[in-house]
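Work through the exercises below with the sequence and the structure at hand, and try each task before you read its solution.

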Amino acid sequence: NAGTQADVYISVYGERGDTGSRQLLRSQKPKKFLKGQTDIFAVEAVHLGQLHKIVIGHNGLGSGNGWFLDKVVIKDPVTDLDYTFLCHRWLDQGQDDGNIARKLTVTDASMFPGKQELELKREETWAAEKWKFQEGTTLQFYNRLTHGFICLSPDSRVDALGDKKNKYGKVFFLWRYA
């Protein structure tokens, strides 16, 4: 029940003004605001310059109108910049603090130095390590603290003792960095 059938509105604020309240009408998806779904909307407005906040909410009408909003990302077509507004809260009269509208400030890119480099490193690491998670692979992790193994089987069983003599398992070492 994290989606909503209510009418959703947004106001975008930048250094040159704001859009005023705009209803988000046409998503690129057939049904909008469903649980786990990412909706994309085009909102026409004059260029607002650098964005700093949004106000997003709904009218509270319709059955199941409560909505859990993860985040809003606005792509500025003029500068090609992305502005992220984290929410991760309910907009629901019966959940959280009962508010159906939220004022969200932009997540400053300086809060995440090297974000692009970090994302690239994550992708490179996954490309190098994903073979371990192929179907049928049994994994054994060695824990230096307990000097024991944890065995993860392809059938989703977890063996906290792990069989050191299992010739089909791959052994990986867990390191804790200070």
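**Exercise 1.** Is Asp 97 buried, partly exposed or exposed? Decide this for the predicted model, and then examine the salt bridge that Asp 97 forms with Arg 102.

*Solution.* Begin with the relative accessible area of Asp 97, which is 39%. Finally, look at the bridge itself, in which the closest N and O atoms of Arg 102 and Asp 97 are 2.8 Å apart.

**Exercise 2.** Which residues are linked with Lys 75 in a network of salt bridges?

*Solution.* Take the pairs one at a time. The side chain of Lys 75 meets that of Asp 80 at 3.1 Å, N to O, and it meets that of Asp 82 at 3.4 Å, again N to O. Lys 75, Asp 80 and Asp 82 are therefore linked in a network, since each distance is within the 4 Å that a salt bridge requires. As for accessibility, Asp 80 counts as exposed at 53%.

**Exercise 3.** Where does Pro 154 lie, and which residues does it contact beyond its neighbours within four places in sequence?

*Solution.* First locate Pro 154 in the loop between strand S9 (148-152) and strand S10 (158-159). Then set those sequence neighbours aside, which leaves contacts with Gly 136, Thr 137 and Thr 138. Lastly, note that Pro 154 is partly exposed, at a relative accessible area of 47%.

Terms used: Residues are numbered from 1 along each chain as its sequence is written. This is a predicted model: local features need pLDDT of at least 70, side-chain atom pairs count only at pLDDT 80 or more; totals for chains, interfaces and linings use all residues. Side-chain values use heavy atoms; hydrogens and water are left out. Helices (H or I, at least four residues) and strands (E, at least two) are DSSP runs, numbered from the N terminus. Buried means under 20% relative accessible area, exposed over 50%, partly exposed in between (1.4 Å probe, protein chains only). Contact means heavy atoms within 4.5 Å.
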